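Let's take a friendly walk through a protein model and look at how its charged side chains pair up. Have the structure open beside you as you read.

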Amino acid sequence: MYDQLKDHTRNKHLDKATKAKVVQAIQSFNGYKDLNCLRSWLLFSGNQAATLAEFYTKHMYNSIRRSDYPTADDYLKGLEIESQPFQTLLPPHLGNPKTLLILDPPYVSTLQGMYANNRYFGMVQFLQLMDMVRPPFILFGSTRSELLSYLSYVRDFRPDEWPRFNGFKTESLTVNIGRGVAEYEDNMVWKF
């Protein structure tokens, strides 16, 4: 695919002929096709596709990286990685004051097909997770997830639960997608 795009202007829409060559290169590749990488290389920022079939229907752009990523040898050395649902992962660690919760749950009010874990994460799961949150924590959300609205709700209507969140701090960043097509606010909420 790099060969089809090496002379194509970066970050510009692919014409039909070039797109057809790129799609053909992907389809004829006889190895693993990483849809996450393909989306980041060829779709406009914020545009998603849940399947290769859907991906092929999208407008494509040349955003393929032209240099290698720097190596990160031993970056995760000594780190224990576990993959399990939060309902079973978190409880054994909640009583340990040295456990820092870093949480970035799927947004309840948005499409979730792009997440690597396609298990449904809805309002009930969000509320289950929020019942487990206690300091110290870092929690990521956005106006699309209504995290700050939820915390206002807890403050106003759930006074028994509010002490876990009272005094939290927020850092917010306004994000624009597609040259003003959409705008939202990313939020990082924390309490130590």
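Start with Arg158, Glu161 and Arg164, which are linked in a network of salt bridges. A salt bridge here means a side-chain nitrogen of Lys or Arg within 4 Å of a carboxyl oxygen of Asp or Glu. Before going on, note that this is a predicted model, where local features need pLDDT of at least 70, side-chain atom pairs count only at pLDDT 80 or more, and totals for chains, interfaces and linings use all residues. Residues are numbered from 1 along each chain as its sequence is written, and side-chain values use heavy atoms, with hydrogens and water left out.

Now look inside that network. Between Glu161 and Arg158, the closest N and O atoms of the salt bridge are 2.8 Å apart. Is Glu161 buried or exposed? Glu161 is buried, as its relative accessible area is 17%; buried means under 20% relative accessible area, exposed means over 50%, and partly exposed lies in between (1.4 Å probe, protein chains only).

How many salt bridges does the structure hold? There are four. Another one joins the side chains of Asp156 and Arg155, with 3.0 Å from N to O. Asp156 is partly exposed because its relative accessibility is 47%, and Arg155 is partly exposed because its own is 43%.

Finally, find Lys58, which forms a salt bridge with Glu54; here the closest N and O atoms are 3.8 Å apart. With a relative accessible area of 29%, Glu54 is partly exposed.
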